[in-house]
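Here is a short report on selected local features of one chain. Please look over the sequence and the structure first.

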Amino acid sequence: MTAWIAFGLPVVAALAIIAVLGVPAAIALRLRGFALAVVAVPAAFAVMALASIAAPFVGIGWSLLPPFALAIVLAAVLFLLRRWIGAAPVHRSTEAAPARRPQRRDLWVSLAAAAIGGLVIAISLVASMKQPGAISQTFDANFHLNAVRYILDGGSASPLTMDLTSPGTPVFYPTLWHAFVALVVQLTGVGIPIATNTVLFVVSCVVWPIGAVAFGRAVAGPNVAVTLISGAAAAAFPNFPLFLAGYGVIYPNILALTLMPFVLVAGLQLMNLGPSRRAMPLSVGTRWLLFIGALGGAVLAHPNVIHAILVWSAAPVLFVAIRALRGRPVPSPTGLLAQPQHTRALRSGFAVVGIALFVIAVIAAWLGGRTTDNAWQGFFRPRDAVLQLLGGTPHIAGHAWAVSLIVLLGAIVAWRFRSMRWLIGSAATLAVIYVVADGFPTSGWRTLIVGPWYNDPRRLAALVPFGAMPLLVIGARAAWAFLRPTTLRVSRAFTRSPRRTFRSLAALVLLVFVALGQSGSYRFLQIVEESYDRRQGALLSEDERTLIERLDDEVPADAILANNPLNGSSLSYALADRQVLFPHSGGIYDSRGYELVQTLVDDSAKACEISSELGVGFVLDFGTEYVFEDPAERGIPFKKMRHLDRSPILTEVDSEGDAVLYRISGC
């Protein structure tokens, strides 16, 4: 428990980074209330992403200085342009003081609602991870932790200079996650594992719930009931973010998807759908800034968020186009339907152009934004995949039927009102691509559809909540509309303080809703726990980590270690700041390094020659317990890296259990 209390310091630091980088822009735009938080959060990540790209061009190393300077410059520019792109006028009151009070109340109620879902997710992560410095025992963990060390050592967090897996030939790789973690390390001095988990907590328990509350209000209205329900709904789908915290571990994907609700909220405002503009009054300029900033930050976290946004947006874009072509009314700032200012002909023209641009964007994204093609099969038959989907926990055993029933109620309500039917379309589209991924074997047509997600059913399962959550909020709000009169009557009939009793009963109903949202989370908690279980040590065992933590005292700072990236030896770079030949098993490295590890036992003369050329002075032997049960082709270059105690040129320096550190001393 003491470790978790100390964990609060880096968490506060990470939150401070977001506030310092995002709030200036929101204040410059004269935003108040919950709008300030909704704009500030994606603005912080957009500033961080742009600064990481710009800093190397002006010769500045990565630290808090480049994004902070950019945040101030951006705020100054927005301040000068505030007359044209500032906050929308407040319609509720012409007097400043009465207007501010509802805005302050709106901010604190919304943040409190987000805290409900955030607290539930935080408890789940604490219970599963056990220790704040736990390391995910999964394939990608060594890359993500080593990438942070690479940024700290090299001074560049640009996605254009990341060549950790291909030295000398950098390729574009989204580094926003790693840049954020590096800032936490620099600001607090904590180790990379703790800083990584700090960002995981902040992104999952703060950024995501705030976006979820804004998203729920945008589709169901800004009243208190919807706000609180939306906060609780943030934790009602264990497929996201909880599952992705254990699977992979795909940190950039988590960050990109937590920023996705901010993009969707801005998109709903631009299309004037539902109560989005009434829920958060923004000027046209601010809507575009929110959309562009949130989209830019999300894309630079992980580009495949574009595909998720396009899939979700297909139904609302079509709905808006049809509404314009038919000359239908649109929501006014008061929430009532009204005729738009533009003529039907102009609206029709915009609709045609908009649909054409959307189709072009989809084609370009699916043809030009494809990921590496993996041969992952669907795990179920189509019928079983549909049942998994209907059970509320797609891909994972166990069901959350209570959540599914509330989502179904929300779908019925949405179908009842023509202006909300597009929500069903968004949910259905995401559901269909999940079924395609998890219900069918590898094929050309399947790859065409789900290729942007590596053909991975688990990533597609994590997208399902983005379609289901708005329906859950609407369904829960409808259920509360039925319960509220009864609750009021009970409060008035049986107590002397009806208002206090009503609030207590309402809080109890909300607590029951939170509990229902956790009905399918048990297996997901197990998955996260297994992913971080130090006893399993699929990537890094307790003995291996202990040995790595002693490298500071035994290996010179400029030394290079030969290693096998299929086990946790690669993490010597992240944990002990000692260079290794192979920071990741998915990289392309100097062929001499592969030859070295193959000749350590069988051809000592050749091994001596290569080690001298590469400057390798030490070897880490973590055995053959690999992060993959079957490493297949990845394991071929390292098949001969065993029985190192038989090598005539290696001298044991230190050991912990089966983990051994050797010095190349016999040359």
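## Surroundings of His395

His395 touches Phe243, Phe379, Phe380, Gln388, Tyr434, Asp438, Pro457, Arg458 and Ala461, leaving aside residues up to four places away in sequence. The model is a predicted one.

His395 lies in the loop between helix 17 (382-390) and helix 18 (401-416). Its relative accessibility is 10%, so His395 counts as buried. The cut-off for buried is under 20%.

## Helix 15 against helix 19

Helix 15 (residues 305-325) packs on helix 19 (residues 421-439). The axes are 7 Å apart, at an angle of about 150 degrees. Angles over 145 degrees count as roughly antiparallel. The two helices, helix 15 and helix 19, are therefore roughly antiparallel to each other. The crossing of helix 15 and helix 19 is right-handed.

Helix 15 contributes Val311, Trp312, Ala315, Pro316 and Phe319 to the contact. Helix 19 meets them with Trp422, Gly425, Ser426, Thr429, Leu430 and Ile433. By class, this contact of helix 15 with helix 19 has eight nonpolar residues, three polar and no charged ones.

## Helix 29 and its cover

Helix 29 spans residues 604-614. Its buried residues are Ala607, Cys608, Ile610, Ser611 and Leu614. What covers them includes helix 28 (591-599). Strand 3 (560-562), strand 5 (616-621) and strand 7 (659-664) are also among the covering elements.

How values were computed. Residues numbered from 1 in each chain as written. Predicted model: local features only at pLDDT ≥ 70, side-chain atom pairs only at ≥ 80, totals over all residues. Heavy atoms only, no water. Buried < 20%, exposed > 50% of the residue type's maximum accessible area, 1.4 Å probe, protein only. Helix = DSSP H or I, 4+ residues; strand = E, 2+ residues; numbered from the N terminus. Contact = heavy atoms within 4.5 Å. Axes fitted to C-alpha atoms, helices over the stretch in contact; angles between N-to-C directions. Parallel < 35°, antiparallel > 145°, perpendicular 65-115°, else oblique. Left-handed = near helix turned anticlockwise from the far one by under 90°. Nonpolar A, V, L, I, M, F, W, Y, C, P; charged D, E, K, R; others polar.
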